[in-house]
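Here is a short report on one chain. Look at the fold first, then read on.

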Amino acid sequence: MFALTARFLLELALLAGVAVLVHDVVPGGWSWPAAILAVAAVATLWGVLLSPRAPVGLPAAASLGIEAVLFAGVGAGLLAVGHGVPAALGVGLWLLDRTALALLRRTP
């Protein structure tokens, strides 16, 4: 149960990371609208492809790959714009959570 709660919190942290990253990268008055649109796009992608009730069923490896690209990409972007600690925490905690979920699924 803890690993699933952590997963949900990591999903929210991913969306926050997307918002911060896009806000820092997009210049001027477009930073907030771009951040909101980016968060909406990632949340939609997650809901359609990765959520437990996703309308599009993907193989586990594909889901893991998409998750990895999202977390690693946002982490790399945050690192590039000077947010190294949140980037490392986000990616590291995601790796720990995915490992915990994998181990819990193997336990009879």
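## Exposure and the loop

Exposed means over 50% relative accessible area, buried means under 20%, and partly exposed lies in between. The model is predicted. Pro27 sits in the loop between α1 and α2. Pro27 counts as exposed because its relative accessibility is 65%. Pro27 and Asp97 are 70 residues apart along the chain. Their C-alpha atoms are separated by 34 Å.

Ala62 belongs to helix α3. With a relative accessible area of 30%, Ala62 is partly exposed. In sequence, Ala62 and Leu14 are 48 residues apart. In space, the distance is 18 Å, C-alpha to C-alpha.

## Helix α1

Helix α1 has 24 residues. From first C-alpha to last, α1 reaches 34 Å, close to the 34 Å expected at 1.5 Å a residue.

Which residues of α1 are buried? They are Ala3, Ala6, Arg7, Leu10, Glu11, Leu14, Gly17, Val18, Leu21 and Val22. An α-helix has 3.6 residues a turn, so residues three or four places apart point the same way.

## The nonpolar core

The largest nonpolar core has 17 residues. Leu14, Val18, Trp46, Leu70 and Phe71 touch the most other members. Helices α1 (2–25), α2 (31–50), α3 (60–80) and α4 each supply at least two residues of this core. The largest share, six residues, comes from α2.

Leu14 gives a local view. Leaving aside residues up to four places away in sequence, Leu14 touches Val42, Trp46, Leu70, Phe71 and Val74.

How many salt bridges does the model hold? The count comes to three. Arg7, Glu11, Glu67 and Arg98 are linked in a network of these bridges.

Start with Arg7, which lies in helix α1. Its relative accessible area is 13%, so Arg7 is buried. Arg7 forms a salt bridge with Glu11, with the closest N and O atoms 3.4 Å apart. Both residues lie in α1, four residues apart, about one turn of the helix. Glu11 counts as buried because its relative accessibility is 18%.

Arg7 also meets Glu67 in a salt bridge (3.0 Å, N to O). Glu67 lies in helix α3 and Arg7 in helix α1, so this pair ties together parts that are 60 residues apart in sequence. Both Glu67 and Arg7 are buried.

Glu67 is bridged to Arg98 as well (3.5 Å, N to O). Arg98 lies in helix α4 and Glu67 in helix α3, so the pair ties together parts that are 31 residues apart in sequence. Arg98 is buried, as is Glu67.

Not counting residues up to four places away in sequence, Arg7 touches Trp46, Leu50, Glu67, Asp97, Arg98 and Leu101. Trp46 is also among the core residues that touch the most other members.

What is the area of the nonpolar surface patch made by Val85, Leu89, Leu93 and Leu96? The patch covers about 410 Å². Leu93, one of these four residues, is found in helix α4 (residues 84–106). With a relative accessible area of 44%, Leu93 is partly exposed.

How values were computed. Residues numbered from 1 in each chain as written. Predicted model: local features only at pLDDT ≥ 70, side-chain atom pairs only at ≥ 80, totals over all residues. Heavy atoms only, no water. Patch = residues over 30% accessible without salt bridge, like charges linked within 9 Å, V, L, I, M, F, W, Y side chains within 5 Å. Areas by Shrake-Rupley, 256 points an atom, 1.4 Å probe, with all protein chains shown as cover. Salt bridge = Lys/Arg side-chain N within 4 Å of Asp/Glu carboxyl O. Buried < 20%, exposed > 50% of the residue type's maximum accessible area, 1.4 Å probe, protein only. Core = buried A, V, L, I, M, F, W, Y, C linked by side-chain atoms within 4.5 Å. Contact = heavy atoms within 4.5 Å. Expected span 1.5 Å × (residues − 1).
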